[in-house]
Amino acid sequence: MTTEATGTPPAPAPEHRSWLRDHSELGVCVLLLALGVLVLTDALTMDVDIAQRGPVGPRTVPIVVGAGLLLIAALLAVDVLRGGRGEAEAGEDIDLSEPADWRTVLLLAGVFLGAAVLIEPLGFPIAGALLFWGAAYALGSRRLDRDPLIAAGISLVTYAVFNNLLGVPLPGGPLMGVL
């Protein structure tokens, strides 16, 4: 179809973005809503000792957090439906025209899964060192002389802080007698 005066085809109509794409922040609302319902369900079905003393028990904080998540989900949904949009950070240095680096994402996911599988048989110091070194490697560090030593140091310090200072027992694995 051409315009009769100029003989050129008419300019295409501007593409209209879909309603869901324009309101994609609603996905965050759904996530917050689901998380709030999960937290509240867990809190309200929690077994509480009958001999609990005082008005503040183990259910109080989860109920407040769950209610807060539901409130934030509702307020965010209202804002999005009224036309509110999240602003991109001005200092962001990410080029959105470039594709995602799936190799790095998959390497990091593999490192995390490997550490989760190895933490019980090897203990936290060894699995943590592999986790820290693997993450550094996945993110681009290739210093094979330095990275494993730093990873081992970070893992041992983390183990000591959690196990000895905070009283959170972490599996020691074969190093249990040594540490």
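The crossing of H5 and H6 is right-handed, that is, the near helix is turned clockwise from the far one by less than a right angle. This is a predicted model, in which local features need pLDDT of at least 70, side-chain atom pairs count only at pLDDT 80 or more, and totals for chains, interfaces and linings use all residues. Residues are numbered from 1 along each chain as its sequence is written, and side-chain values use heavy atoms, without hydrogens and water.

H5 covers residues 124-138 and H6 residues 147-165; helices here are DSSP runs of H or I with at least four residues, numbered from the N terminus. They pack at about 135°, with axes 8 Å apart, the axes being lines fitted to C-alpha atoms over the stretch in contact and angles running from 0 to 180 degrees between N-to-C directions. H5 is therefore oblique to H6, a class left over after under 35 degrees (roughly parallel), over 145 (roughly antiparallel) and 65 to 115 (roughly perpendicular).

I turn to salt bridges, defined as a side-chain nitrogen of Lys or Arg within 4 Å of a carboxyl oxygen of Asp or Glu. The count is two. Aspartate 145 pairs with arginine 143 at 3.3 Å, and aspartate 147 with arginine 146 at 3.5 Å. Aspartate 147 is buried, at 9% relative accessible area, whereas aspartate 145 is exposed, at 52%; buried means under 20%, exposed over 50%, and partly exposed in between, with a 1.4 Å probe and protein chains only.

Definitions and conventions:
Helix = DSSP H or I, 4+ residues; strand = E, 2+ residues; numbered from the N terminus.
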